[in-house]
Amino acid sequence: YFQVERDPARPFVVDVADLSVRVLGTRFNLMAYPDENRVLTTLVSGSVEVNTNEGARVVLEPDQQAAVLGGEINVSPVDASYITSWVQGKFNFDNATLEEIAMQISRWYDVKILFAKEELKSLHFSGSMQKFRPLEHLIQRIEATGDVRCRVKGGDIVIDNK
């Protein structure tokens with residue numbers, strides 16, 4: 001998450017993966033993990049310019065998200081406050097797949113999450129949870145909202161059907 005003041009004499013540029021984000025005075029979120037095949041730039045306020053190495057370019061407006069995959073930029077409307085809720089210490093999920101949720105939990109709690117069945121990854125969940133709660137609390141919330149159960153196996157968490 002970046003909050004940058006406009007300074008034409010000293011442009012602020014973030015280079016990540018195969019793209020660069022040129023800041024034009026703004027607040028924005030950038031999500032780029034090596035284990036994901038896309039980079040997401042979400043604009044909260046101001047403006048940013050997203051450029052790919054292949055020459056694609058777009059200037060975002062507030063509440064827009066640029067998804068860069070394979071040199072192409074796809075822009076979609078989003079609720080930026082929802083996406084940046086992690087800054088206030090929350091996990092917010094809006095119709096997110098269990099696989100997407102597991103990736104965030106894995107990064108935050110530094111645990112490996114495995115799925116007993118491939119189809120469990122595509123289950124969808126919505127909700128909000130505090131990030132600084134113990135992992136066990138988060139697991140209980142996920143189990144209470146769906147037909148899954150989580151069990152600890154060694155240092156890993158295995159997600160399976162109830």
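Leu 98, Ile 101, Ala 102, Ile 105, Ile 113, Leu 135, Ile 139, Ile 142, Cys 150, Ile 157 and Ile 159 line the largest cavity. This is a predicted model, where local features need pLDDT of at least 70, side-chain atom pairs count only at pLDDT 80 or more, and totals for chains, interfaces and linings use all residues. Residues are numbered from 1 along each chain as its sequence is written, and side-chain values use heavy atoms, with hydrogens and water left out.

**The cavity**

On a 1 Å grid over the protein atoms alone, a cavity is a set of points where a 1.4 Å probe fits but cannot get out, while a pocket is an open set with protein on both sides within 12 Å along at least five of seven lines; lining residues have an atom within 4 Å of a point. Points are joined across faces, edges and corners, and a volume is the space filled by probe spheres set on them. Searching the whole structure turns up one cavity of 30 Å³ or more. Its lining has 11 nonpolar, no polar and no charged residues (Ala, Val, Leu, Ile, Met, Phe, Trp, Tyr, Cys and Pro are nonpolar; Asp, Glu, Lys and Arg charged; the others, Gly among them, polar). Helix α2 (98-109) gives the most to this lining, with four residues; α3 (135-145) and β12 (156-161) each supply at least two. Helices (H or I, at least four residues) and strands (E, at least two) are DSSP runs, numbered from the N terminus.

**The pockets**

Here are the spaces side by side.

| Space | Volume | Top contributor to lining |
|---|---|---|
| Largest cavity | about 60 Å³ | α2, four residues |
| Largest pocket | about 1,100 Å³ | β8, seven residues |
| Second largest pocket | about 190 Å³ | β3, four residues |

The largest pocket is lined by 36 residues, and the closest to its centre are Met 31, Leu 40, Gln 65, Ile 83 and Gln 104. Its lining divides into 17 nonpolar, 10 polar and nine charged residues.

**A look at His 124**

His 124 sits in strand β10 (residues 124-130). With a relative accessible area of 46%, His 124 is partly exposed (between buried, under 20%, and exposed, over 50%, with a 1.4 Å probe and protein chains only). Beyond its neighbours within four places in sequence, His 124 is in contact (heavy atoms within 4.5 Å) with Asn 95, Ala 96 and Thr 97. A polar atom of the His 124 side chain lies 2.9 Å from the backbone oxygen of Asn 95.

Definitions and conventions: Polar contact = N/O pair within 3.5 Å; in protein donor to acceptor, adjacent residues only side chain to side chain.
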